[in-house]
Amino acid sequence: MPKSCAVPPAAIATAHDIIVIGSGAAGLTAALELAVSKKVLVLAKGTLTGGSTAWAQGGIAAVLDAGDTFEHHVRDTMVAGAGLNDREAVEFVIERAPESIDRLVELGVPFNEDADSLHLTREGGHSHRRIVHVDDATGWAVQSALLEAAQANENITLLPGRTCIDFITDRHREQFSAAGHIWGVYALDEESGRVERHIARATILAAGGAGRVYQFSTAPRGATGDGIAMAWRAGARVSNMEMMQFHPTCLYNLEVKNFLITEAVRGEGGHLKHPETGHRFMADYDAERMELAPRDVVARAIDDQIKRFGLDYVHLDISHRPADFVTGHFPTIHEKLLGLGIDMTREPIPVVPAQHYTCGGVVVDLAARTDLPGLWAAGECTESGLHGANRLASNSLLECFVFGEAAARDILARWDELAAPPAILPWDESRVSDSDEQVVIKQNWTEIRRFMWNYVGIVRTTKRLERALHRIDLLKREIEDYYGSFVVTTDLIELRNLLQSAELIVKSALARKESRGLHYTLDYPDTLEVAKDTVLVP
């Protein structure tokens with residue numbers, strides 16, 4: 001029986017046709033498609049705009065230029081993914097990109113234009129200009145348009161301030177069953193502290209990634225791997241969790257943390273330089289592609305420069321381009337940096353790598369189905385086969401749109417086959433008390449993020465990974481004991497999920513006896529001939 005805090009009986013259950021967990025690009029895309037004929041509940045941790053979508057600067061990749069082809073985009077995606085991609089999934093997504101852009105235009109997303117067509121920029125790993133964008137704040141424009149459409153739809157209920165705890169499964173039925181069907185989710189009302197049952201025929205997981213498992217990350221505060229951890233506990237497989245992408249260029253500033261300098265700065269001619277000598281060092285690592293090499297190559301190069309020369313950061317310099325060009329292409333970044341005393345039109349930007357994207361996640365098929373009946377998933381919490389061992393720039397929002405729609409369409413097509421939910425047990429409040437030891441949560445949170453950065457970062461070794469796993473084993477006992485004894489809070493729920501995500505990352509990294517894409521280990525520096533997914537089974 002699930003554990004909990006006190007919940008007044010009148011407030012513990014809601015029923016909708018479909019529940020969507022997450023209010024970003026994947027979740028809202030699915031909700032809007034479903035709401036044509038169904039009642040949809042969208043749950044969001046924190047605010048409705050607190051996910052990664054609103055943070056995306058660069059844009060959305062789509063073949064729209066006359067000289068570009070689907071095959072070029074597929075090839076670029078497969079090259080970046082180091083052959084670990086599922087080609088069928090790559091083709092599935094890329095071939096649906098132009099229609100995804102059309103739908104966003106219909107929703108009112110004000111993409112930049114060039115004469116009579118959309119303006120296309122280029123980013124690292126892309127052979128052509130194919131990134132549609134809204135200045136350097138595409139994610140916010142997309143988030144705003146999707147949210148406005150959802151708020152205007154009477155079939156969609158948006159419920160922010162809900163931290164999901166665990167999926168409701170057949171084990172939580174009044175008539176117990178071990179069948180493993182998902183019937184919704186138990187969620188904490190962050191304001192009242194009450195735990196609610198949200199029950200539905202179908203549930204879509206779109207809860208984002210696990211970036212906050214690392215000390216330095218561009219991910220939003222809530223990216224604690226909640227969806228991945230919940231799905232794992234419910235019995236779903238996860239895949240390729242070792243493939244954590246580190247963005248090469250996060251602003252180095254002691255006062256402002258986690259501010260991303262978009263890939264497009266390099267795409268539009270930015271140079272990476274040694275801050276003391278001015279040497280353009282990417283020539284030493286990838287002479288052909290230079291700054292336009294895939295993110296894993298660039299991140300490792302910067303990491304090597306920092307460690308080899310004892311630097312705090314390297315320089316990203318676009319000041320050789322005309323000032324009006326820089327301010328016109330990157331108004332948000334320019335304004336932010338000016339407030340910190342950096343004029344990117346006249347001087348270089350200090351940058352360091354930071355965790356940026358979770359390429360692995362819950363295993364899904366092309367219909368966004370997970371292993372668990374009643375549960376679909378889309379976006380960063382999944383492993384769809386698109387990204388492989390490294391995500392190509394600006395493919396992430398695209399994946400959200402395509403798989404969000406795929407989930408919705410599959411649910412609608414199967415609707416008559418989906419059973420009505422059974423009677424579900426309330427959240428058990430009988431064995432817990434209020435905690436007066438919040439310092440335990442803060443201490444463990446800090447420890448996890450620090451050892452994951454030091455031991456499971458850009459360059460890995462078996463010994464470091466084993467040290468991390470040892471720390472995880474010790475913390476698991478402590479955190480599970482704490483979780484079983486005290487009333488749940490958002491901090492405690494996130495800590496539990498953060499540790500579970502860390503364990504999945506480390507175990508996946510230990511299982512891969514090669515270096516491929518984002519997973520680089522000094523003990524196995526070579527890449528094996530045959531690319532195989534790392535699949536963990538609960």
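## A four-stranded sheet

Four strands form an open sheet in the order β21-β19-β14-β22, with mixed pairing; two strands count as paired if DSSP finds at least two bridges between them. Helices (H or I, at least four residues) and strands (E, at least two) are DSSP runs, numbered from the N terminus. At the edges of this sheet stand β21 (382–383) and β22 (535–536), each of which pairs on one side only. The structure is a predicted model, in which local features need pLDDT of at least 70 and side-chain atom pairs count only at pLDDT 80 or more, while totals for chains, interfaces and linings use all residues. Residues are numbered from 1 along each chain as its sequence is written, and side-chain values use heavy atoms, with hydrogens and water left out.

Strand β14 (residues 238–239) and strand β19 (residues 361–363) run antiparallel and are joined by two bridges. V238 has V362 of β19 as its bridge partner. Helix α6 (residues 226–234) lies across β14, β19 and β22, and runs at about 45° to β19. Axes are lines fitted to C-alpha atoms, for helices over the stretch in contact, and angles run from 0 to 180 degrees between N-to-C directions.

## A three-stranded sheet

Another open sheet has three strands in the order β4-β8-β7, with antiparallel pairing. Because β4 (60–61) and β7 (120–121) stand at the edges with a single partner strand each, one side of each is left without a neighbour in the sheet. Two bridges connect β7 with strand β8 (residues 131–132), and the two run antiparallel. Within this pairing, L120 is opposite V132 of β8.

## Packing of helices α1 and α11

Helix α1 (residues 25–34) packs against helix α11 (residues 396–413) at an angle of about 35°, and their axes are 8 Å apart. The contact (heavy atoms within 4.5 Å) involves A25, A26, T29, A30, E33 and L34 of α1, and residues of α11 including L397, F401, G404 and R409. By class, this contact comprises 10 nonpolar, two polar and three charged residues. Ala, Val, Leu, Ile, Met, Phe, Trp, Tyr, Cys and Pro count as nonpolar, Asp, Glu, Lys and Arg as charged, and the others, Gly among them, as polar.

## Pocket and cavities

The second largest pocket has a volume of about 680 Å³. Of the 27 residues lining this pocket, F216, Y252, V352, P353 and W453 are the closest to its centre. Two or more lining residues come from each of β15 (244–251), α8 (295–309), β18 (349–358) and α12 (438–455). The lining divides into 14 nonpolar, six polar and seven charged residues. On a 1 Å grid over the protein atoms alone, a pocket is an open set of points with protein on both sides within 12 Å along at least five of seven lines, whereas a cavity is a set where a 1.4 Å probe fits but cannot get out; lining residues have an atom within 4 Å of a point. Grid points are joined across faces, edges and corners, and a volume is the space filled by probe spheres set on the points.

There are three cavities of 30 Å³ or more. The largest cavity holds about 60 Å³ of space, and its lining includes Q57, H133, D135, D136, E268 and H329. By class, that lining has two nonpolar, six polar and three charged residues.

## The loop residue S435

S435 lies in the loop between α11 and α12. Leaving aside residues up to four places away in sequence, S435 touches Y482 and F486. S435 and Q57 are 378 residues apart along the chain, and their C-alpha atoms are separated by 40 Å.
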